[in-house]
Amino acid sequence: KEAIRRIAQEIAVQKRLIELGMAQEGLTKYNFILTGNPGTGKSTVARIFGKIFKALGVTSTDKVTEKVPKDIIGLYLNESDKLMDAAITEAMGGVLFLDEADDLEPMDEAGRSTSSEGKKAVQTLMTRMENEAGKFVVVCAGYPKEMAAFMNSNPGLKRRFSHTIHIDDYTAEELLEIYERAAKAKKYNFSLADDTVRMKALNMFRNMVAMKDDKFGNAGEAVKKVAETKTHKL
């Protein structure tokens with residue numbers, strides 16, 4: 001929310017500068033790198049960007065065209081650039097959301113591309129982002145380390161993104177809120193209004209957060225606990 005508020009303020013300032021003749025319309029482009037660990041809601045956020053950018057006047061439609069690498073990297077030689085081209089055309093006027101974007105062009109330990117087809121797809125993306133800037137918004141999402149390596153391997157690609165938004169892991173208190181909402185959505189009643197029960201649930205999430213690794217599922221872990229709590233004590 002804080003990041004979107006900052007972006008909205010930037011857009012408002014830019015529009016005002018254009019009105020005052022102090023900036024040229026169309027020079028500021030908005031493309032986003034969205035990072036976060038598993039279960040932090042990257043896909044959910046990207047999917048609502050369409051409505052947000054339409055409301056802010058960045059895009060002409062609220063359409064979000066969602067693709068993953070397997071949709072782009074073709075089985076046949078010289079197919080991937082055409083599939084990327086088609087995805088961009090489909091997204092015109094709205095948002096092209098590339099989830100797990102770092103898998104478009106996998107890198108070896110030395111930072112070299114291991115996929116010629118992926119390289120072609122990324123080059124097509126870069127070319128159209130440059131030639132048709134402002135006509136569509138690109139949101140590339142992935143895990144922090146992987147996305148950093150992907151973007152740093154290609155300075156030209158990195159330059160085309162105006163903002164990076166990172167979604168932090170959830171705190172125990174936030175996981176408890178997700179847990180409660182998921183329970184209510186399924187019409188389960190775990191008596192969470194009872195402070196003793198609620199504190200047990202909070203302590204459960206505190207223990208999970210304290211022991212988490214980089215594969216911790218965040219919101220996914222909270223939702224799984226809803227089903228588990230039906231038949232087990234906290």
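I call a residue buried under 20% relative accessible area, exposed over 50% and partly exposed in between, with a 1.4 Å probe and protein chains only. I am looking at a predicted model, in which local features need pLDDT of at least 70, side-chain atom pairs count only at pLDDT 80 or more, and totals for chains, interfaces and linings use all residues. Residues are numbered from 1 along each chain as its sequence is written, and side-chain values use heavy atoms, with hydrogens and water left out.

**Entry 1: overall**

I looked up the totals. I found 10 helices and five strands in the protein; helices (H or I, at least four residues) and strands (E, at least two) are DSSP runs, numbered from the N terminus. The C-alpha trace spans about 60 × 50 × 30 Å along its principal axes. Of the 234 residues, 40% are buried. I also noted that, among contacts with a separation of 6 or more, 73% come from residues 24 or more positions apart; a contact here means heavy atoms within 4.5 Å.

**Entry 2: strands**

I went through the pairings next, where two strands pair if DSSP finds at least two bridges between them. S2 (residues 64–67) pairs with S3 in the parallel sense over four bridges, and Lys67 stands opposite Leu98 in S3. S3 (residues 95–98) is joined to S4 by four bridges, again parallel, with Val95 opposite Val137 in S4. S1 (residues 32–36) and S4 pair in the parallel sense, also over four bridges, and Thr35 stands opposite Gly142.

Then I checked how covered the strands are. In a regular strand the side chains alternate between the two faces of the sheet. S4 (residues 137–142) has six of its six residues buried. Val137, Val139 and Ala141 point one way from S4, Val138, Cys140 and Gly142 point the other way, and all are buried. In S2, Thr65 and Lys67 form a covered face, whereas Val64 and Glu66 form an uncovered one.

**Entry 3: aromatic rings**

I counted four aromatic pairs in the structure. The rings of Phe, Tyr and Trp (its six-membered ring) pair if their centres lie within 6.5 Å; planes under 30 degrees apart count as stacked, over 60 as edge-to-face and the rest as tilted. The ring centres of Phe32 and Phe49 are 5.8 Å apart and the planes stand at 45°, so I list this pair as tilted. Phe32 is in S1 and Phe49 in helix H2 (residues 42–56), so the pair ties together parts 17 residues apart in sequence. Phe32 counts as buried at 1% relative accessibility, and Phe49 is buried with a relative accessible area of 1%.

For Phe32 and Phe53, the ring centres are 5.0 Å apart and the planes at 15°, so this pair is stacked. Phe53 lies in H2 and Phe32 in S1, so parts 21 residues apart in sequence are tied together. Both Phe32 and Phe53 are buried. I noted that ring pairs link Phe32, Phe49 and Phe53 into a cluster.

**Entry 4: helices H4 and H5**

The axes of H4 (residues 80–91) and H5 (residues 116–131) come within 8 Å and cross at roughly 35°. Axes are lines fitted to C-alpha atoms, for helices over the stretch in contact, and angles run from 0 to 180 degrees between N-to-C directions. The crossing of H4 and H5 is right-handed, meaning that the near helix is turned clockwise from the far one by less than a right angle. The contact residues include Met84 and Ile88 of H4 and Ala121 and Leu125 of H5.
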